[in-house]
Each structure stands twice: as C-alpha cells, then as structure tokens.
Amino acid sequence: MTPTPQHSPYKSTGGMRRIFNALRYSMQGLRAAIRYEAAFRQELALAILLIPAAFWLGRSVLEVFILIMSVTMVLVTELLNSAIEALADALSVEMHPLLGRAKDLGSAAVLLCLIFTVAIWAAVAIGRFLL
C-alpha cells in the first residue's frame with residue numbers, strides 16, 4: 001500500500017491563477033536579485049550591454065541566439081547561486097562545512113558559465129574579424 005502524498009498549503013493547484021502567481025513570484029525574485037545581489041547587478045549591467053552587441057557581432061540568427069543565450073545562462077546561474085546562498089544563510093550564519101561547500105559549488109557554477117560565455121563571444125568575434 002502506497003502512502004498518500006501530503007499536499008503543501010503553499011503549492012497551487014493550477015489554472016490561470018497559478019500562472020499569475022508564478023509570474024508575480026518570479027518578478028519578486030528578480031527584484032530581490034537586483035536589490036540585494038551585487039554580483040547579479042553587475043552581470044545584469046553587462047547583459048544590458050552585451051545583448052544588443054550580439055545583434056551586431058553575430059553573423060547569423062544562430063550566432064546571435066547563442067551569444068544571447070550564453071549571457072542569459074550567466075544570469076540564470078547567478079540567480080540559482082544566490083538562492084543557494086540565501087538558503088544557506090537562512091539555515092545558519094555559523095560556519096558549516098556543508099553550507100560552505102554548497103556556496104562554493106554555486107560560485108563555481110557561475111565561474112564556469114562566465115568562462116564558457118567568454119569563450120563563445122571570443123570564438124564568434126574571431127570568426128567575424130579574423131577568419
């Protein structure tokens with residue numbers, strides 16, 4: 001006999017109300033990231049510059065899409081890293097090896113995403129200007 005799953009009072013059941021609530025929560029998350037996360041603000045400022053530049057640098061729709069996607073992935077990864085850090089800080093502000101590891105892993109994910117983004121932009125720029 002399988003146990004009946006417990007339903008969280010915080011989970012919605014569906015419909016248009018769920019879509020509007022999800023959009024509202026997402027906007028709250030973006031506002032919180034802009035307000036409280038310096039790294040996200042810096043990466044967002046860079047994205048505001050790079051996304052229009054992608055239309056100039058890219059020679060095809062695919063190149064433009066890849067350039068924009070790489071920048072967007074940095075922002076997404078930074079949001080997830082910030083969520084991990086906020087959760088870790090909510091659990092304890094004391095030093096704990098596992099919380100420190102979680103924060104370090106999130107930071108490493110952002111670093112890898114940034115390196116990948118630089119590599120993509122460099123490859124497209126080399127293709128446009130040197131080849």
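User: Hi! Is E85 buried, partly exposed or exposed?
Analyst: E85 counts as partly exposed, because its relative accessibility is 25% (buried means under 20% relative accessible area, exposed over 50%, partly exposed in between, with a 1.4 Å probe and protein chains only). Keep in mind that this is a predicted model, where local features need pLDDT of at least 70, side-chain atom pairs count only at pLDDT 80 or more, and totals for chains, interfaces and linings use all residues. Residues are numbered from 1 along each chain as its sequence is written, and side-chain values use heavy atoms, with hydrogens and water left out.

User: Thanks! Where is E85, and what does it touch?
Analyst: E85 is in helix α3, residues 61-91 (helices are DSSP runs of H or I, at least four residues, numbered from the N terminus). Not counting residues up to four places away in sequence, E85 touches E37 and K103 (contact means heavy atoms within 4.5 Å).

User: Which residues does the UniProt "binding site" annotation cover?
Analyst: In the unreviewed UniProt entry, that annotation covers E37 and E85. They are spread over 49 residues of sequence but cluster in space, with a largest C-alpha distance of 10.4 Å. Such annotations may be inferred rather than shown by experiment.

User: And where is E37?
Analyst: E37 is in the loop between α1 and α2. E37 is partly exposed, with a relative accessible area of 23%.

User: New topic: which residues of α1 and α2 meet?
Analyst: L30, A33, I34, R35 and Y36 in α1 meet A38, F40, R41 and L44 in α2.

Terms used. Helix = DSSP H or I, 4+ residues; strand = E, 2+ residues; numbered from the N terminus.
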